[in-house]
Amino acid sequence: MRREFTEFPHRRLNPLTGEWVLVSPHRTQRPWQGQVEKHPSAPTVAYDPSCYLCPGNARAGGARNPDYDRTFVFCNDFAALKPEVPRATEEDGDLLVAQVESGICRVMCFSPRHDRTLALMSIPEIEEVVNVWADQYRELGSMDSIRHVQIFENRGEVMGCSNPHPHSQIWANETIPNEPLKEQRALLRYKDEHKKCLLCDYAAMEELRQERVVASNDHFIAVVPFWAVWPFEVLLISREHARDLASLSPCTRRSLAAILKQITTRYDNLFEVTFPYSMGFHQAPTDGAPHEEWHLHAHYYPPLLRSATVRKFMVGYEMLAAPQRDITPESAAERLRSVSNVHFSERS
């Protein structure tokens, strides 16, 4: 990029949301005397008798897990959404509006192993996780009351994860939530204006430039997006114009498993810790429309900034004005590319 965009403050547009991010590369040497986090730690035992997600253990809500030996899905005991709710709307003009929202929340344990994150699982094991995600999207999305299925993982205490046993969550909504709705509108607008897919064009552009690519294979490309907000944010894009996980072929699902392992391994190797993040897939709404504009992708939002103990905070200007970052996305991608594909815990 030109010197003006590597040394001076500037802003970048996120075409998926229509929002701007302020980039301040000159601030990378700013001294830090603020909060220091605990060093992220990972479980070291295969089974924890006190863990409410391990096989055979009682959960916090009183139910007991089966002695599962593979990926396991159950309804969240403390769900944010309920399938059976009264139909009600309240409006007082245009200012006070409320609607009852129905939905389903599930928890999905990746493995019976308490100590097996995606980075430490084999590709066939991760492929099974991908297959279950696809099955859950198809099953929940086929329900008349569900219009959006959100698959996501919170990893690490700093990201609000309440249990270290590696797992993801699946929340299925009656309506399309804010963030995918922003993308829905942007994807539609781009298709109407350009007669092409926004993310197909963006993936091709990043493939050509290479400066923000973190990892890639025959079916997926992972980049630190040009408009990244979080220091080591990653956008994972399907090379084919697929709408959702359920539509992927077995070969493509295997490629997805491989690149998920690559991304999480590179994250862990960056500071040689179990790297915290929130990640999730954005897929086509399940409202019955064809949604030809939709393109399968996943977002990774990790908070760590300078080290394993210094994180990015979204406060002040970020909350009141616009997101801001110091290191450029190009620098972040270069650092992620430079680390090994072999997990630090497995090196001899």
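Nine strands of the predicted model form an open sheet in the order S3-S6-S8-S7-S12-S13-S11-S10-S9, with antiparallel pairing. Strands here are DSSP runs of E of at least two residues, helices are runs of H or I of at least four, and both are numbered from the N terminus; two strands pair if DSSP finds at least two bridges between them. Strand S3 (72-75) and strand S9 (213-216) are the edge strands, each pairing on one side only. From one strand to the next, the twist averages 20°. As the model is predicted, local features need pLDDT of at least 70 and side-chain atom pairs count only at pLDDT 80 or more, whereas totals for chains, interfaces and linings use all residues. Residues are numbered from 1 along each chain as its sequence is written, and side-chain values use heavy atoms, with hydrogens and water left out.

Within the sheet, strand S12 (residues 277-282) and strand S13 (residues 297-301) run antiparallel and are joined by 5 bridges. Met279 stands opposite Tyr300 of S13 in this pairing. Helix H3 (residues 178-194) packs on the sheet and touches S7, S12 and S13, where contact denotes heavy atoms within 4.5 Å. The direction of H3 makes about 45° with that of S12; axes are lines fitted to C-alpha atoms, for helices over the stretch in contact, and angles run from 0 to 180 degrees between N-to-C directions. Helix H2 (residues 123-141) lies across S3, strand S6 (103-109), strand S7 (148-155), strand S8 (167-173) and S12, and runs at about 170° to S6.

A further antiparallel pair is formed by S1 and S2, which are joined by 5 bridges. In this pair, His10 stands opposite Val23 in S2. The hairpin has 4 residues between the strands, and Gly18 takes a positive phi near 80° there. S1 has a covered face consisting of His10, Arg12 and Asn14, and an uncovered one consisting of Arg11 and Leu13.

Most residues other than glycine have a negative phi. Gln210, in the loop between helix H4 (198-209) and S9, has a positive phi of about 70°. Gln210 is partly exposed, with a relative accessible area of 37%; the classes are buried under 20% relative accessible area, exposed over 50% and partly exposed in between, for a 1.4 Å probe and protein chains only. For Glu272, phi is near 55°. Glu272 is found in the loop between helix H5 (250-271) and S12, and counts as partly exposed at 44% relative accessibility.

Arg59 is placed in the loop between S2 and S3. Leaving aside neighbours within four places in sequence, the contacts of Arg59 are Tyr52, Arg64, Asn65, Phe72, Phe74, Cys75 and Asp77. Leu96 lies in strand S5 (residues 96-99) and, with the neighbours within four places in sequence left aside, is in contact with Glu90 and Glu91.

Grid points are joined across faces, edges and corners, and a volume is the space filled by probe spheres set on the points. The largest pocket holds about 820 Å³ of space. Of its 34 lining residues, Glu179, Trp230, His282, His299 and Tyr301 are the closest to the centre. H3 provides the largest share of this lining, 5 residues. By class, the lining of the largest pocket has 16 nonpolar, 11 polar and 7 charged residues; Ala, Val, Leu, Ile, Met, Phe, Trp, Tyr, Cys and Pro count as nonpolar, Asp, Glu, Lys and Arg as charged, and the others, Gly among them, as polar.

The search of the whole structure finds 1 cavity of 30 Å³ or more. The lining of the largest cavity consists of Phe220, Leu236, Ile237, Ser238, Leu256, Phe281, Leu296, His297 and Ala298. S11 gives the most to this lining, with 3 residues. The lining of the largest cavity has 7 nonpolar, 2 polar and no charged residues.

Note on methods: 1 Å grid on protein atoms, 1.4 Å probe; cavity = no way out; pocket = protein on both sides within 12 Å on 5 of 7 lines; lining within 4 Å.
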